[in-house]
Amino acid sequence: MNTILKDSGMNIGRLLRMYGTVLACLLIVICFSALSPDSFASIGNVINISRQISFLVIIALGATLVMSIGEFDLSIGAVASFGGVLAAKLAVSGMPVWVTFLVPLAASVIIGFINGWIVTRFKVLSFITTMAMGTVLGGITFWLTGGATIFENIPDSFRYLGQTKWGSIPLLSLLMILLTVLFWYIMAQTAFGRRLYAIGGNEAASRVAGLNVRRNKNAAFAICAALAALTGILMASRLGSAHPTSGNGLFLPAYAAAFLGMTTFKEGVPNMWGTFVGAAIIGILANGLTILEVPTFMQDVITGIIVIAAVILQRLGRGTH
């Protein structure tokens, strides 16, 4: 009997560890649905939330990739702003749409590679390197725009990706799902993903095992920067304008989503679907609290409390193990 009870407790603890954050997300949805059934619990609002969180999910996927190798990229907000501004300026100058997308992405890959190269070559802490790079990019972005928002003469072709719907589903939502599936596959099913997790788990052992740590880390930083720039481009496409600080507000929520994701599906391990759930929680909270007309400062307080509660829930599950 004692054995059965012990096994039952272990199973409950394991379920809480694996799915406690998902459970918290469902509870939040149920609460908002009960408080505002007409506005919150509607298909239209679900689609709206999916579009709202698409930017956060895409940039957080990159943050998760870098976290999997045990590093941080604090320049993602600045890279997003830079990507959006550069794309908008190219669009205004009359460049073809594919050029307005590819040039900022290529530039961001180089920026990310430089981040990785400095971190791996000179053994500089990643948060210092990327914070400095973010400062440099912030200056360049202001230089490109003069501190003003770019919104005049943005062609309709540039807005297509951000404003188009296929049926009733925004293209941004579909792109978000596609990228999440793609990076889940890369991290879970490919040798590259396994190498990144191995490096994040034990870099010294990975090096002894023959892994090229420097090259894999450089690649992770480059991909992270590309995803951040893509987020900025999509934001500019959605809004039909680009502001020199438009991506800065995504930095902290992106890492909040990634940390929340580490409490989901895989204990303490950055993973793509966990990050997706983390971003969904943040997006649902923002949407529901706005519908309930909660003041912005209270939204920040409540969001922080619920994020902490989700983490505690996961830790309680671990404690029953």
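Where is the place of Asn153? In this predicted model, Asn153 sits in the loop between α5 and α6, the latter covering residues 156-163. The backbone here deserves a look, as Asn153 has a positive phi of about 65° although it is not a glycine. With a relative accessible area of 64%, above the 50% cut-off, Asn153 is exposed.

Glu152 is found in the loop between α5 and α6 as well. Glu152 is likewise exposed, at a relative accessible area of 53%.

Lys123 belongs to the loop that joins α4 (97-122) to α5 (126-145). The relative accessible area of Lys123 is 58%, and this residue therefore counts as exposed.

Helix α2 runs over residues 43-67, which makes 25 residues. From its first C-alpha to its last, α2 reaches 34 Å, close to the 36 Å expected at 1.5 Å a residue. Its course includes a kink of about 40°, centred on Ile53. Helix α2 is mostly covered, with 20 of its 25 residues buried.

Ser54 is a residue of this helix, α2. Its relative accessibility is 1%, so Ser54 counts as buried, the cut-off for that class being under 20%. Which residues is Ser54 in contact with, leaving aside its neighbours within four places in sequence? The partners are Leu172 and Met176.

The packing of α8 against α10 comes next. Two packed helices are described by the angle between their axes and by the distance between those axes. For helix α8 (residues 191-201) and helix α10 (residues 213-239), the angle is about 105° and the axes lie 10 Å apart. Angles of 65 to 115 degrees count as roughly perpendicular, and α8 and α10 are therefore roughly perpendicular to each other. On the α8 side, the contact is made by Phe192, Arg195, Leu196 and Ile199. These meet Val213, Asn216, Lys217, Ala219, Ala220 and Ile223 of α10. Sorted by class, the contact between α8 and α10 has 7 nonpolar residues, 1 polar residue and 2 charged residues.

Helix α10 also holds Asn218. Is Asn218 buried or exposed? Its relative accessible area is 6%, so Asn218 is buried. Apart from neighbours within four places in sequence, the residues in contact with Asn218 are Gly112, Phe113, Gly116, Trp117 and Thr120.

Helix α13, which spans residues 296-319, contains Ile308. At 52% relative accessibility, Ile308 counts as exposed. Between the C-alpha atoms of Ile308 and Leu260 there is a separation of 9.1 Å, although the two residues stand 48 residues apart along the chain.

Notes:
Residues numbered from 1 in each chain as written. Predicted model: local features only at pLDDT ≥ 70, side-chain atom pairs only at ≥ 80, totals over all residues. Heavy atoms only, no water. Axes fitted to C-alpha atoms, helices over the stretch in contact; angles between N-to-C directions. Helix = DSSP H or I, 4+ residues; strand = E, 2+ residues; numbered from the N terminus. Parallel < 35°, antiparallel > 145°, perpendicular 65-115°, else oblique. Contact = heavy atoms within 4.5 Å. Nonpolar A, V, L, I, M, F, W, Y, C, P; charged D, E, K, R; others polar. Expected span 1.5 Å × (residues − 1). Bend = angle between axes of the 7 residues up to and from the residue. Buried < 20%, exposed > 50% of the residue type's maximum accessible area, 1.4 Å probe, protein only.
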